[in-house]
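Please keep the sequence and the coordinates at hand while reading.

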Amino acid sequence: MENFTPQHFREKGLFALFGQAGVLYFKSAKFLAVMTILSFLPVFVFRLFLPAHLAYAFAEFQALLQYYLAGGEIYMASLMAAAEGDATIYTFMHAGVWLAFLPLMVGATTYLAARHLDGESPNFSDMLANAMPRFPAMLATLAIVAVIMVGLLFLTGGTFLVAIPIYIAVTIMFFMHVTADVGRWGFNALSISRFLVRGRWFRVLFFALFILVAYGAVYLAINVFGGILGVSASLFAELPFFLISQLILSYFLLVFALWYFDIKTLHQRNLEAVEKMVSDTLREIMERRDNDDSKL
């Protein structure tokens, strides 16, 4: 009997996932573009209604920080401190609204990846129809995760115990994909994500950091280019650059979705292998018993 073990099945490499995501991205670019605008345009609209002094402080802080990092005078640090308070408030408000709409895009890319792996080509209405019903559960789970992580960071910040929230963050990384894929939410989704990551924590950490750094580099390049053109002086002039950065984000979300399904498939194949091994072993035992009985 062939000895089936989990080592028979290997996860895809990171660059293979990037390539697969690229093919799927260009194949479904128009649907992703519409879904991206639907998901993240409300974030931009929200910025129109933020108090002007917060937005000004944020822009001023960015400009001062860039100047300071480029070797500007040391007194710039004191000017940065003056703008830092309002800039922090702006950042948290903006990030909160952005995170509120992120699950919609994660749900859409997860569904797109699932259908692609099944050999299907969904359209925009299919993506929206499958992303919207799961959106509340994903948002609720995201809120639970945010409370847990902020609490842990508050308790462990500045000490070596900060490794605890980092460890937990990696283990529950796929919770939104779980909710988008199978509908499980809350602590159930967190448990399933923890099961998927088990035994590959460092690999998941390395992959996630690589993906996040890659997106961060592209996002920074877009903002630097926009800064050179002076688009930050006008919120509406900044809109195309904002949407471009979110369109690029949808590509990286596709990478995450395909990565999730790759790990999930690995677990399913290993389970099938174990089930076959048990079935074959039981059949051999029964055959030996029948042969022994026939000799008596």
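Which residue just after H8 takes a positive phi? Gly199 does, with a phi of about 85 degrees.

The model is a predicted one, in which local features need pLDDT of at least 70, side-chain atom pairs count only at pLDDT 80 or more, and totals for chains, interfaces and linings use all residues. Residues are numbered from 1 along each chain as its sequence is written, and side-chain values use heavy atoms, with hydrogens and water left out.

The secondary structure of the protein chain consists of ten helices and zero strands. Here helices (H or I, at least four residues) and strands (E, at least two) are DSSP runs, numbered from the N terminus. Of the 296 residues in the chain, 38% are buried; buried means under 20% relative accessible area, exposed over 50%, and partly exposed in between (1.4 Å probe, protein chains only). The accessible surface of the chain comes to about 16600 Å², and 69% of this surface belongs to carbon and sulfur atoms. Such areas come from the Shrake-Rupley method with a 1.4 Å probe, and for residues only the protein chains shown count as cover. Among contacts (heavy atoms within 4.5 Å) between residues at least 6 apart in sequence, 80% join residues at least 24 apart.

The interior may be considered next. In soluble globular proteins, nonpolar side chains tend to be buried together. A nonpolar core is a set of buried Ala, Val, Leu, Ile, Met, Phe, Trp, Tyr and Cys residues joined through side-chain atoms within 4.5 Å. The largest such core in this model has 59 residues, of which Phe174, Ile211 and Trp259 touch the most other members. Among the helices that each supply at least two residues of this core are H1 (14-27), H4 (76-117), H9 (201-229) and H10 (235-295). H10 gives the most, with 15 residues. Leaving aside residues up to four places away in sequence, Phe174 touches Ser193, Val197, Val204, Phe256, Trp259, Tyr260 and Ile263.

Apart from residues up to four places away in sequence, Leu24 touches Leu112, Ala113, His116 and Leu254. Tyr251 is 227 residues from Leu24 in sequence, yet the C-alpha to C-alpha distance between them is 9.0 Å.

H7 is mostly covered, with six of its eight residues buried: Phe175, Met176, His177, Val178, Thr179 and Ala180. In H8, the buried residues are Ala189, Leu190, Ser193, Leu196 and Val197. They lie on the same side of H8 because they cover an arc of only 120 degrees around the axis, the arc being that of the directions from the helix axis to the C-beta atoms. The exposed residues Phe187 and Arg194 are carried on the face of H8 turned away from its buried side.

Charged side chains provide further links. A salt bridge is a side-chain nitrogen of Lys or Arg within 4 Å of a carboxyl oxygen of Asp or Glu, and the whole structure contains three of them. Asp181 forms one with Lys264, their closest N and O atoms being 2.6 Å apart. Because Asp181 lies in helix H7 and Lys264 in helix H10, the pair ties together parts that are 83 residues apart in sequence. Arg115, Asp118 and Glu120 are linked in a network of salt bridges.

Lys30 and Asn123 are 93 residues apart in sequence and 9.5 Å apart in space, C-alpha to C-alpha. Ile37 also lies in H2 and is partly exposed, with a relative accessible area of 39%. Together with Leu41, Val45, Leu48 and Phe49, Ile37 forms a nonpolar surface patch with about 440 Å² of accessible area. Patches are made of residues with over 30% relative accessible area and no salt bridge, like charges being joined within 9 Å and nonpolar side chains (Val, Leu, Ile, Met, Phe, Trp, Tyr) within 5 Å.
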